[in-house]
Amino acid sequence: MLRPVRSAGFPARICLTAAAVLAAIPMRASAQDLVLTNARIVDPATRIVMAGAVWIEDGRIVGTGEAAPADAPGERIDLGGKWVIPGLVDMHTHSFGNAAPDGAFDGMGTAQTAQRVTRAGVTAFLDLFGEENSLFMLRNRQREGELGGAAIFAAGPCLTATDGHCSEYGIPTRLIDTPDDARRHMAELAPKRPDVVKVVYDHFDYGPTTMPSIDRATLEALVAAAHGQGLPTVVHVGTWADVRDAVLAGADAVTHVPRDGSVPDDVVELMATRGTYHIPTLVVHTDLSEFFSHPELVEAPLLSAVSSEAVRSVYASGPETLDEPARRWVAAQEAGKAEALASVGRLHEAGVPMLTGTDAGNWGIFQGWSVHRELIRLVEAGLSPWDALAAATTTAGDFLGRDYGVSVGDEASLVVLDASPIDEIRNTQAIAMVVLRGQVAFDGR
């Protein structure tokens, strides 16, 4: 998350009691037995498109092939030659809702976000900062079968310096200023089993909004303590030097594209050698300005299906309505877009594993829909459509320790498309059906 945007765009939230939150949660539907026939099955793991059928039992894929067995149980759905891809995953979001520069706010909350994003083909997401008790409670209830929608993964708090980034939003988080602080907070956090540990290590000069950051010794202590608990780490970075330090400290992933120039050669080599994942969040670096240079974006059918008119109308009103901080951010995005894309392209070419994340909740970024925008950006950066799809599906599953894909044994979370995403990555928005853990969650055929 980039501080000039987040500080203006992340609204203060009221922390609801567990009872109040659960009262609004829809119960999870039972998995179906399904047979999807006459499909084109797109497998990002093998880069093969197979014509045939997928059959599903108890929320898992139990078979694929030219034809399903006659005795395969469940409803048979003829897809008429449509394309089937694994469900999409947003690996960097803040699931409270959508925000706009003028203060308009679509405050869905995590439970409703999990419901809404499925319409965009997003079947799982990783929330990288929120109120830890509420997030973990919702995640745990979902895993116990009490909450439907996209699968919730959560870091819970940021671990950041006193007065550092994430501390400014009125949401309690964990403040660490020394290696001892890092070890103590990890010992307290680990029993809640966060899916990842999120740490802020950001030394970029943001001018008047610059905040303190933890030092390298504290970063190293935190990563070591997290790994000692069997927990992966995602490090928010602001400079390429921050990336270098995070990789050397053993971070599993870094998120964002630093704004202090092009990626240095040694950082490219270091990330590739160590296998450090990158979550670029290119859309948070580009898409506020894109709305004003391409006003037709606000009319995208899928965006209209997953967002409120109140928030969309801000982006339809033109850049002249923006205040000075928003105009500065638009200008910074326009100036930095080419360099950000080039840096991501170099990292990808060197073999750095990419993950699709949006930083949704920021201005210009929408829950669910912006995953498709990030796929477009990754292809613009030099990834092939196959590479981009993998970043949002099978590679995300690898990082999260989940079986996401279209192979036997994989979770039956699938998206059916009207057109080939390999021919044109924008076709991921042409959603005809969504199957979520074996249940038809949307059918627009």
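Helices (H or I, at least four residues) and strands (E, at least two) are DSSP runs, numbered from the N terminus. This is a predicted model, in which local features need pLDDT of at least 70 and side-chain atom pairs count only at pLDDT 80 or more, while totals for chains, interfaces and linings use all residues. Residues are numbered from 1 along each chain as its sequence is written, and side-chain values use heavy atoms, with hydrogens and water left out.

**Helix α4**
- Buried residues (under 20% relative accessible area, 1.4 Å probe, protein chains only) of α4 are E132, S134, L135, F136, M137, L138, R139 and Q142.
- The N-terminal end of α4 is capped by E131, with a side-chain oxygen 3.3 Å from the backbone nitrogen of N133.

- An open sheet is formed by three strands in the order β6-β9-β10, with parallel pairing; two strands pair if DSSP finds at least two bridges between them.
- Strands β6 (88–93) and β10 (151–154) stand at the edges with a single partner strand each, so one side of each has no neighbour in the sheet.
- Strand β9 (residues 122–127) pairs with β10 in the parallel sense over four bridges.
- In this pairing, F125 stands opposite I152 in β10.

Methods:
Buried means under 20% relative accessible area, exposed over 50%, partly exposed in between (1.4 Å probe, protein chains only). A polar contact is a pair of N or O atoms within 3.5 Å; within protein, one must be able to donate a hydrogen and the other to accept it, and residues adjacent in sequence count only if both atoms are side-chain atoms.
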